[in-house]
Amino acid sequence: MRQNPRRRNPRHLPLLFLFLCLGLVPAVLPTQLVLAQGATPAPAPEEEEDDQETARRALENKEILPLSTVLARIEENFTGDVVEIELERKRGAWVYEIEIIDADGRVRDIDVDARSGDVITIEFDE
């Protein structure tokens, strides 16, 4: 007799039911997925909102170029996939930290002056 492939394993139902009853599925799953991939958990929503507000103000005050402009310039000179971008203050200046993985799997960290779009430093991770 063939089993229906859509039928769930009954041993997992009590645990799933418990998570659903306690409202833990939305809270647990994203964290477990992030941790399973070896990444650090995302920042708290308040921190993220503060970062977004700070970046928005810097853009409105013309302290930084739009990210799309900076990425277009980077793509002219570097090939690979962008895997991480951060906007940080370094020595009083805004800097986009861009991490790219090239076709050979090497990770390149590129610091870009966020106001001018000029490349400041290029480093390879080892």
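Helices (H or I, at least four residues) and strands (E, at least two) are DSSP runs, numbered from the N terminus. On this basis, the secondary structure of the protein chain comprises four helices and four strands, and the order of these elements from the N terminus is α-α-α-α-β-β-β-β. The structure is a predicted model, in which local features need pLDDT of at least 70 and side-chain atom pairs count only at pLDDT 80 or more, whereas totals for chains, interfaces and linings use all residues. Residues are numbered from 1 along each chain as its sequence is written, and side-chain values use heavy atoms, with hydrogens and water left out.

The protein chain has 126 residues, of which 18% are buried; buried means under 20% relative accessible area, exposed over 50%, and partly exposed in between (1.4 Å probe, protein chains only). The accessible surface of the chain amounts to about 10100 Å², and 53% of this surface belongs to carbon and sulfur atoms. Accessible areas come from the Shrake-Rupley method with a 1.4 Å probe; for residues, only the protein chains shown count as cover. Of the contacts (heavy atoms within 4.5 Å) between residues at least 6 apart in sequence, 28% join residues at least 24 apart.

Strand β2 contains Y96, which is buried, with a relative accessible area of 5%. Apart from neighbours within four places in sequence, the contacts of Y96 include I64, L65, P66, L67 and V70, as well as I110, D111 and V112. A polar atom of the Y96 side chain lies 2.7 Å from the backbone oxygen of L65. The C-alpha atoms of Y96 and G117 are 8.8 Å apart in space, although 21 residues separate the two in sequence.

E97 also lies in strand β2 and counts as buried, at 19% relative accessibility. The side chains of E97 and K90 are joined by a polar contact of 2.8 Å. A polar contact is a pair of N or O atoms within 3.5 Å; within protein, one must be able to donate a hydrogen and the other to accept it, and residues adjacent in sequence count only if both atoms are side-chain atoms. Beyond four places in sequence, E97 is in contact with E84, I85, E86, E88, K90, I110 and D111.

D109 is located in strand β3, which spans residues 107-113. This residue is buried yet has no salt bridge, and R108, the nearest side chain of opposite charge, is 9.0 Å away. A salt bridge is a side-chain nitrogen of Lys or Arg within 4 Å of a carboxyl oxygen of Asp or Glu. For charge, Lys and Arg count as positive and Asp and Glu as negative, while His and the chain ends are not counted. When residues up to four places away in sequence are not counted, D109 touches I98, E99, T121, I122, E123 and D125.

Most residues other than glycine have a negative phi. K62, in the loop between α3 (45-60) and α4 (67-77), has a positive phi near 60 degrees and is exposed, with a relative accessible area of 65%. R91, in the loop between β1 (81-90) and β2 (93-101), has a positive phi near 55 degrees and is likewise exposed, with a relative accessible area of 90%.
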